Amino acid sequence: MRPFWIEQALFNDGDLAPALQGAQRADVCIVGGGFTGLWTAIQAKQQDPSLDIAIVESDLCGAGASGRNGGCLLTWSAKFFTLRRLFGEAEAIRLVKASEAVVDHIAGFCRAHGIDAELRQDGTLYTATSQAQIGTLDPVMQALEDCGIKSYYALPPQEVARRSGSARNLAGVYSPIAATVHPGKLVRGLRRAALAMGIRIYERSPMLDFSTGHPVTVRTPCGSIEAKKLVLAINAWMASTFPQFERTIAVVSSDMVITERCPQLLRQSGLVDGVSVLDSRTFVYYYRSTVDGRIMLGKGGNTFSWGGRIAPVFDQRSPYEAELTQALRSFFPALRDTPITASWNGPSDRSVTGFPFFGKLDGAPHIYYGFGYSGNGVGPSYMGGQILSSMLLDQDNAWTRSPLTKGPLGHFPPEPIRYVGSIVVRNAIRRKERAEDENRQPWLVDRMLSKFANAAGKSDKA
C-alpha cells in the first residue's frame, strides 16, 4: 500500500526512472532518493555543474518518509533553548535564521522549476488545548526577541480559535514563517528538477553493499556504481543498516488520517488557508487543510521499533486510525460524518537531541551521512542538503564548521532498555496529558518520566 500523498503524486506523475543496470561510474553516488538525497544532489550540482551525480533509490523517490509526512514546513525557532544548550547562542541564532530562510528557499525553488507542490506560506499556529499548555512557549518567544528574532506573535484566544478553525484551541502563538506542502508532489517535483539538471536517478535499485575503498563501489541487484564520493541519505534505515548507528536514533511512527473532500465544512470552520496547527503536547497533534478541501491530522510517538528495525507496520494503515479519527472529530465536531479517505504511518528517526546530525562514516574522508530529523524534516532536509553538499565539495563554510557535522551527540540505551523505556515514557506522557486534558493534576511519577522525552516535542517547554 502507498501512503496517500505519494499515491496522489504518482497518479499525476507515474514516470519511473530505470533500475541500475551493469557497471556505471559517477563522481558522486547518493544512496536515498528522498528530500535529503535530492536536495544534496541539487545543491551540489548547482554549485558545480560539471559534477556527475547518480542517485540510487531502493523503491521510488519519495516512497520513504519524504512522501508520507504531514507536509508541515516548519523551522527550528521553537527549539531555540535546546539549540543554545547544545551549540551555544551564536550558532543557535544562526541555525534558527537559516531554518527560517529555508521556507523562502523552497518556495523560490518550486517557482523557478515549475513544481506545483501546493505550497502555501500561511504560517503556523502553536496552540494550547488544555490549561496546562497555556504559555509554555512564552519563554522561547522572549529569548528569541532578546536575540533580535521576531518569529512569533501572541494572538487573542478568539483569534486562535478562528485561525485554527477549532474552539478546542484555547490559546496560542502564530509565526508567519512556515508553510504547508503536498510532500508527495514536492519530492516528485524535486526528482523531475534533478533529472532536468542532468542528475542520474535509478529507482527500484536497493543498495546491497558497498566497498569503503577509494573509489567506492555501490552494488545493487542488477548493477554497480563506482564513485569518488558517497553520500548515505537513508534516514531511519541507517539504524538497521549500520550497527554503529543502532543506538543513535529511536525509530518511532508518526501516524496520520485524511478526510474526504469537504470544502464547505472547512469554510464554515474557518480553516480556509494553509496554516499548520500544532498543539503543545510532547507528542503533538498537528493538522492542516489541503488545497483540494480535506483535513489531515497526525500524531507522533505511537509505534516504537525494536533495535531500530523498520517493522512491517510502518507500511500499513495506521494502527491508531480510530484514535486519530476521534481526535480529528474532537477538533472539528462538524466533520463527525465526513469519511476518512486514508490513514498511514511511517518511520521517524528520532535522535537523542531532537536534531539531525551529519558526519563522515567511520572517519572515511569520502563517505558522508546525515539523518535524525526527529519528525521535522520537510524544511530541515534542505539544510541537510546544504550541509552534505558543502561537505562533499570540501568547502570551508559555516555549514562544514557547524557542530551538526560532528556526528551523533548522544546514544540511547541498548535493547531491551531502550524499547521498554520508550514504552514506559510514552505511556507516562499519555497519562499526564490525559490528566491535563481533564484539568486534573498528573501523577508526580508521570511528570518525572515525561521529562525524558523533552527532546521529542516540536517546541521547547517552559
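Start with the lining of the largest cavity: by class it holds 15 nonpolar, 17 polar and four charged residues. Here Ala, Val, Leu, Ile, Met, Phe, Trp, Tyr, Cys and Pro go down as nonpolar, Asp, Glu, Lys and Arg as charged, and the others, Gly among them, as polar. Before you click further, note that this is a predicted model, where local features need pLDDT of at least 70, side-chain atom pairs count only at pLDDT 80 or more, and totals for chains, interfaces and linings use all residues. Residues are numbered from 1 along each chain as its sequence is written, and side-chain values use heavy atoms, with hydrogens and water left out.

**Stop 1: the largest cavity**

Select A65, N69, G375, N376 and G377, which lie nearest the centre of this cavity among its 36 lining residues. A cavity is a set of points, on a 1 Å grid over the protein atoms alone, where a 1.4 Å probe fits but cannot get out; lining residues have an atom within 4 Å of a point. Its volume is about 520 Å³, taken as the space filled by probe spheres set on the points, with grid points joined across faces, edges and corners.

Now colour helix 2 (35–47), strand 12 (249–259) and strand 16 (340–351), the elements that each give two or more residues to that lining. Strand 16 supplies the largest share, six residues. Helices (H or I, at least four residues) and strands (E, at least two) are DSSP runs, numbered from the N terminus.

**Stop 2**

**Stop 3: R418**

Jump to helix 12 (residues 417–437) and pick R418. Is R418 buried or exposed? It is buried, at 4% relative accessible area, where buried means under 20% (1.4 Å probe, protein chains only). Show its contacts (heavy atoms within 4.5 Å): E246, R247, I249, A250, G307, G308, F412 and P413, leaving aside residues up to four places away in sequence.

**Stop 4: the cysteines**

A search of the whole structure turns up zero disulfides, meaning pairs of cysteine sulfur atoms within 2.5 Å. For C72, the nearest cysteine sulfur is that of C110, 16 Å away. For C110, the nearest is that of C61, 16 Å away. C72 is buried, with a relative accessible area of 10%, and C110 is buried too, at 6%.

Definitions and conventions. Buried < 20%, exposed > 50% of the residue type's maximum accessible area, 1.4 Å probe, protein only. 1 Å grid on protein atoms, 1.4 Å probe; cavity = no way out; pocket = protein on both sides within 12 Å on 5 of 7 lines; lining within 4 Å.
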